[in-house]
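Today I'd like to walk you through one protein, starting from a single residue and zooming out.

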Amino acid sequence: MRRISNVFWYAAAIVLIAVIFGVAAPESFEAVTANLKEFLTSTFGWYYLILVSVIVLFCLLLIFSPVGTIKLGKPDDKPEYSTPTWFAMLFSAGMGIGLVFWGAAEPLSHFAKNPPLSEAGSNDALKESMRYTFFHWGIHAWAIYALVALVLAYYKFRKDEPGLISATLTPILGSKARGPIGTIIDVIAVFATIVGVATTLGFGAAQINGGLSYLFGIPINFNIQLVIIVVTTILFVISAMSGLGKGIKILSNTNMVLAVLLLGLVLILGPTLLIFNMFTDTLGSYFQNIITMSFQIAPLNEEHRSWINDWTIFYWAWWISWAPFVGIFIARVSKGRTIREFLIGTLLMPALLSFFWFSVFGVSAMDLQMSGAVDLTNNATETVLFAVFNEFPWSSVLSIIGITLISTFFITSADSATFVLGMQTTYGSLTPPNRVKLTWGIAQSLIAIVLLYSGGLQALQNALIIVAFPFSFIMILMMMSLYKSLSIERKQLLKMLRPQKTVKK
């Protein structure tokens, strides 16, 4: 029996209170959340940097450890999805819409608007912009997702625990993991998922609206964005009802085909040689400077410290707040893979694809900016991509593919989230009932609509960062819990591999 848990009601109540506050007093809501976000990023920036670096190191150690051969499941379990489909599903849920939204906009901002250290528009700023974009969307981001997904998959499929965040902490918390403390942990995870996806729905609607404005002259306003959200809600609810094997699988594969098509066209139409040269150069620079960037807090440079708060610390908190949602979904589709295979697949491959994506779109945008043909900095973030397309041949074709890709990523993220929320609020059921998924799907869209209407999208982003802080401590406990369990398995593995001493008669 797939019963609805107390987590459902507690999380729903918190969301309702936040939305009412945001609608009734949007300015106060934004001010309160902004102040709290500023306090967390300024005071605990060092903590975020160290924590994420430790997570990366932990994941890398597991890849080379003997426990890397352990399966996320029983010894005879096989992967449920083919490797290409598995990769497409985790990539679509984890990064998809963000890559489209920021693909041209972030490198352009680091280069022409607000560089980390160098003079805006200089060659040094160009190199810095790509290196820091790689840093923000690379191994560190995927390590955060990989940790949560790995711990969940290990305890769900190997130890037969419920598919809940709280259940992974049983080795540390004991019976308390199933009591009020466990409920609080799961409520934090559910709230982070709801807020994260609602923010994505708002971003996605704004960017689709921006693309339609470029193509057809449709005005950019709330009414158009409302229609976009309603239409996409209907589509992702239909997809969610069809289950993982149909809806999300088909959409994820469609996403990858569209993404490769768009990537290939821009690569050919854009500055191809410069893109390949910058990708190669930045890849080397990224690995050369990864340790310095990982711990850079700029204590004696107020301007650079402010930049780190606004970008690096913001991103680390952002990925942490998304970790429950993406981690649970990736865990669900990763049964049967070894720890080593899982970590290589989630840590390295998506990062490399992200690097090439940003090289293609970011370098194309910066090349246009340097040529003086157009000033892309005058565009809002959600329209930068379409402003770039407007300068290329086949601009309408590129924009149509771009809008379609944003829409399918939009639907896939929301679809995945309804499954995760359903799973988390039905005691970890791997097949949550459709009525629960429908409830969460509609609730997410309503939250996005209300906050877009009240102008509270920035406040919602602030709330996302705030939620990340308590969940970061949960991630530390998850690392400790996994380490404890794997240490026991490692001793058993070594005992099996050690040759037995023969007894002399």
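So, which residues is Ile165 in contact with, leaving aside its neighbours within four places in sequence? They are Val148, Leu152, Ile185, Asp186, Ala189, Ile328, Gln424, Phe471, Ile474 and Met478, where contact means heavy atoms within 4.5 Å.

Quick caveat: this is a predicted model, where local features need pLDDT of at least 70, side-chain atom pairs count only at pLDDT 80 or more, and totals for chains, interfaces and linings use all residues. Residues are numbered from 1 along each chain as its sequence is written, and side-chain values use heavy atoms, with hydrogens and water left out.

Back to Ile165: together with Phe361, it touches the most other members of the largest nonpolar core, which has 177 residues. A core here is a set of buried Ala, Val, Leu, Ile, Met, Phe, Trp, Tyr and Cys residues joined through side-chain atoms within 4.5 Å; buried is under 20% relative accessible area, with a 1.4 Å probe and protein chains only. Helix α14, residues 302-332, gives the most to this core: 19 residues.

Now zoom out. The protein chain has 20 helices and zero strands (DSSP runs, H or I of at least four residues for helices, E of at least two for strands, numbered from the N terminus). Its C-alpha atoms fill a box of roughly 90 × 50 × 45 Å along the principal axes. Of the chain's 505 residues, 60% are buried. And if you take contacts between residues at least 6 apart in sequence, 83% join residues at least 24 apart.

Notes:
Buried < 20%, exposed > 50% of the residue type's maximum accessible area, 1.4 Å probe, protein only.
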